[in-house]
Amino acid sequence: MAERVHLRRLAGTSWFPVAVGIATLVAVGALVEVLLLAGVMNRYMLPLPSDVLGAFRRVIMEENILSRTGDTAFEVLTAGFLVIVFGVPLGVLFHRFRILRMALEDWVAALAAAPIVLAFPLFLVLFGRGPKTVIIIAFVYGIPPILLKTLEGLSSTRGVLINVGRSLNMTPTQMFWKIMFPSAIPSIFTGIRLSWTFCLVTVVGVEFLVNLGGLGQLINDLAERYDLPGTYAGIAFVILLSVAFFIVLERIETWLQPER
Amino acid sequence: MSTPVENAADPLLVIDNIYKRFGTDADATVAVDHMSFGVKPGEFVSVIGPSGCGKSTLFNIIGGLLGDYDGEVRVGKERIDGPHPAIGMVFQEESTFPWRNVIDNVAFPLELRGVPKSERQDRAHHFIDMVGLANFEKRFPSQLSGGMKQRVSIARTLVSEPRILLMDEPFAALDEQTRLLLGDKILQIQQQLNQTTLLITHNLTEAVQLSDRIVVMTYRPGRLKRIVNIDLPRPRTSEVVGSDAFGHYVAEIWNDLREEASRGMVDAEASISRRSAARG
């Protein structure tokens, strides 16, 4: 009983859940290492986790990873910025014009699930083999979540808040800027977080696919060299980067909305 | 059926022969059936009736949020047709803006009117003080209890200094003790400002605790059953709840309400049975 109370208290701290997460990763890594060494798993398909760890230093030092991260970050941030600039107003338009919503909402939702990345040759032809193509494909993937979450946020403004606005004789413009938009902001932030994550995944994916630019190309290069520990170290680096990216976005969200 | 406007000396708010129905001719439900009464300046009137009697419809009509009805709502001699600045509304549901702290919530109506920041902060501060939230001005609604949030809503309504305060069961979601204490606060404010107030409620003790007069409504269609004068001393506090006279009024009004509430309950049960039968 006392142990359970102690565990519950630990779970309430900020460091304990993080420590458990890291310990779990280490444990899984150790288990995979043992299984590979024992020959239960094939070492030609999966490198030893200790080799992957060892390859980190090499990948960072020898593969120009800072500059590649910069390339990827530039593409992600550009696509992310465009997604906000176009996605939020489009969500507002969808909310404002019911006909638009009825005609296109399902198509936008379908767009999120469509494997558009397979049409990358078309994008290459249209926009050339450069960052522009990567950014545009990431933009296409990033648009649906932010548009749909903006629409959802505006549509789910509580009726009583609208009634407060009506009782105060607010104009439609005041109603939008003073009540509906602030009320939708948490949902819009969720949309931004989802969209930017989609952008990151798409940018790295397209870089890998067309062997162009930043971290995706690095993973492709390492794979083509049959450098398995290096490939997995590159993948792990991207995962770590996305985790850091996600945490930063969450922190910004908390900072901008202290009341939540 | 038409009930004449009550003989109140120069009522500030006049509800005159209001009739409202919902639905089409074949399937129409009459929500409010020719209701008439007045509220004099400085008076506290409660409208009480069982759930589903049309109280909230009446609230929305008086507040100007619901149109397409017969009859008139007047403030003084002026017929109102939509939200009117003389009427400040407090809603049953929690209605603070979660993205604004207490002082910005309360100052909101002044911000809309373009009142300079320092002036609106001063006025907001005055009403926050009045509802007893002086130390919570920088807190956000998520950091407040249900009762505190409702006090913020009340302060936000009062800051506009409406001639009539219109409230729809503002304490419905609160526990009985908080409700009594907030009742005290409302009484104190109403007496301090001599605020004309119309409260819509289904809570009998709350109505008797606060009101000068109680308008009793019938269950569907909502008609005026009778008006009870509450002759309890003022200034009043929640201590009045323990008096014999209070118990007498509660019993008297419950006699009127019991029949209506029973009809409401039977109706609700029949409706559930019908729905179950329809589902097979």
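User: Which helices of chain A each supply at least two residues of the lining of the largest pocket?

Analyst: Start with the term. On a 1 Å grid over the protein atoms alone, a pocket is an open set of points with protein on both sides within 12 Å along at least five of seven lines, and lining residues have an atom within 4 Å of a point. Helices here are DSSP runs (H or I, at least four residues), strands are E runs of at least two, and both are numbered from the N terminus. In this case the helices are H2 (15-37), H3 (49-62) and H11 (228-256) of chain A. This is a predicted model, in which local features need pLDDT of at least 70 and side-chain atom pairs count only at pLDDT 80 or more, while totals for chains, interfaces and linings use all residues. Residues are numbered from 1 along each chain as its sequence is written, chains are lettered from A and ligands numbered from 1 in the order in which they are written, and side-chain values use heavy atoms, with hydrogens and water left out.

User: What is the volume of the largest pocket, and which residues lie nearest its centre?

Analyst: A volume is the space filled by probe spheres set on the grid points, which are joined across faces, edges and corners. For the largest pocket that comes to about 750 Å³. Its lining has 19 residues, with A:Leu25, A:Gly29, A:Pro49, A:Val52 and A:Ala236 nearest the centre.

User: How many residues of each class are in that lining?

Analyst: Classes first. Ala, Val, Leu, Ile, Met, Phe, Trp, Tyr, Cys and Pro count as nonpolar; Asp, Glu, Lys and Arg as charged; the others, Gly among them, as polar. The pocket lining has 17 nonpolar residues, two polar and no charged ones.

User: How many cavities of 30 Å³ or more are there?

Analyst: A cavity is a set of points where a 1.4 Å probe fits but cannot get out. The count is one at 30 Å³ or more. H5(B) gives the largest share, three residues. By class, that lining is five nonpolar and two polar, with no charged residues.

User: How many salt bridges cross the interface?

Analyst: Side chains of opposite charge can pair when their charged atoms come close. The rule for a salt bridge wants a side-chain nitrogen of Lys or Arg within 4 Å of a carboxyl oxygen of Asp or Glu. It finds three across the interface of chain A and chain B. One of the salt bridges joins B:Glu111 and A:Lys178, at 2.7 Å from N to O.

User: Last, the backbone. Which peptide bonds are cis, and which residue other than glycine has a positive phi?

Analyst: Most residues other than glycine have a negative phi, and most peptide bonds are trans. The bond from B:Arg220 to B:Pro221 is cis, with omega near -5 degrees. B:Pro221 sits in the loop between strands S9 (213-217) and S10 (224-229) of chain B. Another cis bond joins B:Arg234 and B:Pro235, with omega about 0 degrees. B:Pro235 is in the loop between S10 and helix H7 (244-279) of chain B. A:Asn211 has the positive phi, near 50 degrees. The loop between H9 and helix H10 (215-224) of chain A holds A:Asn211.
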